[in-house]
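Work through the exercises below with the sequence and the 3D structure at hand, trying each task before you read its solution.

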Amino acid sequence: DLPHCVSLMCECFYKDALTLAAEEFSDEEMEKLRPALSVVNGMLASLARFTLLQTTKVRVGNRLQTGGIEMQPKWAVLMAAQDTESLQVAGLVELSLQPRDGKVPGDVRFPTPPWSERPPQV
């Protein structure tokens, strides 16, 4: 199920966006900041999950309906390992051609200007 796969990707690659060095603040200050940070981190996590689900659907194309593992331009092959007892997604592999730019699939990539060199595909 794609939402379970997206949940695993979020847990592995997308951590809280706003973190604070605890040693920079007193316990009292952290207690006051924690509720606001929790709300902001929750909203950013929801946005990341929604965006990742949509971009994953685009990357796998109509492979969700048709299946198969043949290579097709701009479509990824997404394979998941599932625990047989709990049915939880235990692992996930995406096979796709991506620019070698240090980003994971689903990260926002702005178009490369025509005058600049494109990173190689891996």
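**Exercise 1. Explain how Arg34 and Glu31 are placed relative to each other along helix α2.**

Solution. Begin with the positions: Arg34 and Glu31 are separated by about one helical turn, because they are three residues apart in helix α2. Helices here are DSSP runs of H or I with at least four residues, while strands are runs of E with at least two, and both are numbered from the N terminus. An α-helix has 3.6 residues a turn, so residues three or four places apart point the same way.

Next, look at the contact itself: Arg34 forms a salt bridge with Glu31, and their closest N and O atoms are 2.6 Å apart. The term requires a side-chain nitrogen of Lys or Arg within 4 Å of a carboxyl oxygen of Asp or Glu, and the structure holds one such bridge. Side chains of opposite charge can pair when their charged atoms come close.

Arg34, at 42% relative accessibility, is partly exposed, whereas Glu31, at 52%, is exposed.

A note on the basis of these values: this is a predicted model, in which local features need pLDDT of at least 70 and side-chain atom pairs count only at pLDDT 80 or more, while totals for chains, interfaces and linings use all residues. Residues are numbered from 1 along each chain as its sequence is written, and side-chain values use heavy atoms, with hydrogens and water left out.

**Exercise 2. Describe the span of α2, its kink and its buried residues.**

Solution. First take the span: α2 has 34 residues and reaches 46 Å from its first C-alpha to its last, which is close to the 50 Å expected at 1.5 Å a residue. That expected span is 1.5 Å times one less than the number of residues.

Then follow the axis, where a kink of about 35° lies at Leu33, shortly before the proline Pro35. The bend at a residue is the angle between axes fitted to the seven residues ending there and the seven starting there.

Now list the buried residues of α2, which are Met30, Asn41, Leu52, Leu53, Thr56, Arg59 and Val60. Just after the helix, Gly61 takes a positive phi of about 60°.

**Exercise 3. Where is Leu87 found, and is Leu87 buried or exposed?**

Solution. Leu87 is found in the loop between β1 (77-82) and β2 (89-95). Its phi is near 65°, a positive value in a residue other than glycine. With a relative accessible area of 53%, Leu87 is exposed.

**Exercise 4. Which helix gives the most to the lining of the second largest pocket?**

Solution. Start with the term: on a 1 Å grid over the protein atoms alone, a pocket is an open set of points where a 1.4 Å probe fits, with protein on both sides within 12 Å along at least five of seven lines, and lining residues have an atom within 4 Å of a point.

Thirteen residues line this pocket, and Tyr14, Lys15, Leu44, Ala45 and Ala48 lie nearest its centre. Both α1 (2-13) and α2 (27-60) supply at least two lining residues, but α2 gives the most, with seven.

At 36% relative accessibility, Leu44 counts as partly exposed.

Conventions. Buried < 20%, exposed > 50% of the residue type's maximum accessible area, 1.4 Å probe, protein only.
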